[in-house]
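Hi,

Here is the structure I promised to pass on.

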Amino acid sequence: MNQQEKNKYEEGQVILINKPLTWTSFDVVRKIRNTTKAKTGHAGTLDPLATGLLICCTGKMTKKINEVQAQEKEYTGTFTLGAVTPTYDLESEPTDFKPLDALTPESIHAATRQFIGELQQLPPIHSAIKQNGKPIYELARKGVEVKVEPRKIFIKTFEITSIALPVVHFRVECSTGTYIRSLANDFGAALGVGGYMSSLCRTRIGEFKLEDAYTMEDFIEKVKNETR
């Protein structure tokens, strides 16, 4: 990489990445840091089983991370109804299966209404929130009792876009700090059958959109081309 390109990343860039499935957010950060040789951070974690928009900042733009992270987010994905999981997603095995015979499209759509607006939401105990300096998911995995406090969140839009039971497809626009896994669990509970998040894609953060993001491969190729 020539000096000018090196300085570009050290001076600071905002890089939109479409995070691959199974990658951690830190996997993406590490790859960008190793590729650009610049200090790198990300604006809002995506779980390994989620895909979609991950905003990474390099160099002096890392100072903007909190500002970017605070913006409204949009997600699409699927909830699977009729069972629950300890992690509220497919990181753990579904249990407590229930029949779905009583569910109708009308009842499913109607249940979204109670989750729109300002809410108190309990984060999953399998999350990166820290207790006594340790992520609570580490404590939960060891069987240590974890106490989480509800958090104030705001959900602007929650719509079911299609239904193919046991799977429902959704779109959500929400404040930062919202756990879509918790929404899946709470939504299933409201319907009386349980539910968990079976897929998730972040499509927008503020004005930044997934359609403008690089794949990991394309970004690496872009940086390589800049060095030639």
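To start with the overall picture: 46% of the chain's 228 residues count as buried. Keep in mind that this is a predicted model. The chain holds seven helices and 11 strands. Its accessible surface comes to about 11800 Å², and carbon and sulfur atoms own 50% of that. As for contacts with a separation of 6 or more, 70% of them are between residues 24 or more positions apart.

Helix 2 has 12 residues, which at 1.5 Å a residue should span 16 Å, and the 17 Å between its end C-alpha atoms agrees with that. Its buried residues are Ser25, Val28, Val29, Ile32 and Thr36. Looking down the axis of helix 2, you find these buried residues within an arc of 100°, so they line one face of the helix. Just after helix 2 comes Lys37, with a positive phi of about 60°.

Met216, Phe219, Ile220, Val223 and Glu226 are the buried ones here. They fall within an arc of 120° seen down the axis of helix 7, so this helix too has its buried residues lined up on one face.

What does the side chain of Glu226 meet? Its partner is Lys8, in a salt bridge with 2.9 Å from N to O. The pair links distant parts of the chain, since Lys8 sits in helix 1 (residues 3–11) and Glu226 in helix 7, 218 residues apart. Glu226 has a relative accessible area of 14%, so it counts as buried, while Lys8 is partly exposed at 26%.

That is one of 13 salt bridges found in a search of the whole structure. A few others I looked at:

- Lys60 and Glu11 form a salt bridge, with their closest N and O atoms 3.4 Å apart. Lys60 is in the loop between strand 3 (50–58) and helix 3 (65–69) and Glu11 is in helix 1, so this pair ties together parts 49 residues apart in sequence. Glu11 is partly exposed, at 47% relative accessibility.
- Arg181 pairs with Asp47 in a salt bridge, the closest N and O atoms being 3.2 Å apart. Arg181 belongs to helix 6 and Asp47 to the loop between strand 2 (40–42) and strand 3, so the parts tied together here are 134 residues apart in sequence. Arg181 is buried, with a relative accessible area of 5%, whereas Asp47 is partly exposed at 27%.
- There is also a network: Glu72, Glu74, Lys156, Glu159, Arg171, Glu173 and Arg204 are joined into one by salt bridges that share partners.

Helix 6 (residues 180–191) also contains Asn185. Is Asn185 buried or exposed? With a relative accessible area of 16%, under the 20% cut-off, Asn185 is buried. Leaving out residues up to four places away in sequence, Asn185 touches Val84, Tyr88 and Gly195.

Next, a loop residue. Glu149 lies between helix 5 (136–141) and strand 8 (151–164), and is partly exposed at 49% relative accessibility. Which residues does Glu149 touch, not counting those up to four places away in sequence? They are Gln121, Leu122 and Pro123. For Gln121, which is 28 residues from Glu149 along the chain, the C-alpha to C-alpha separation is 8.5 Å.

Finally, the surface. Leu21, Leu49 and Leu90 form a nonpolar patch there, and together they have about 250 Å² of accessible area. Leu21 is in the loop between strand 1 (14–19) and helix 2 (25–36). The relative accessible area of Leu21 is 48%, so this leucine counts as partly exposed.

That's everything from my side.

Cheers

Definitions and conventions
Residues are numbered from 1 along each chain as its sequence is written. This is a predicted model: local features need pLDDT of at least 70, side-chain atom pairs count only at pLDDT 80 or more; totals for chains, interfaces and linings use all residues. Side-chain values use heavy atoms; hydrogens and water are left out. Patches are made of residues with over 30% relative accessible area and no salt bridge: like charges are joined within 9 Å, nonpolar side chains (Val, Leu, Ile, Met, Phe, Trp, Tyr) within 5 Å. Accessible areas come from the Shrake-Rupley method with a 1.4 Å probe; for residues, only the protein chains shown count as cover. A salt bridge is a side-chain nitrogen of Lys or Arg within 4 Å of a carboxyl oxygen of Asp or Glu. Helices (H or I, at least four residues) and strands (E, at least two) are DSSP runs, numbered from the N terminus. Buried means under 20% relative accessible area, exposed over 50%, partly exposed in between (1.4 Å probe, protein chains only). Contact means heavy atoms within 4.5 Å. The arc is that of the directions from the helix axis to the C-beta atoms. The expected span of a helix is 1.5 Å times one less than its number of residues.
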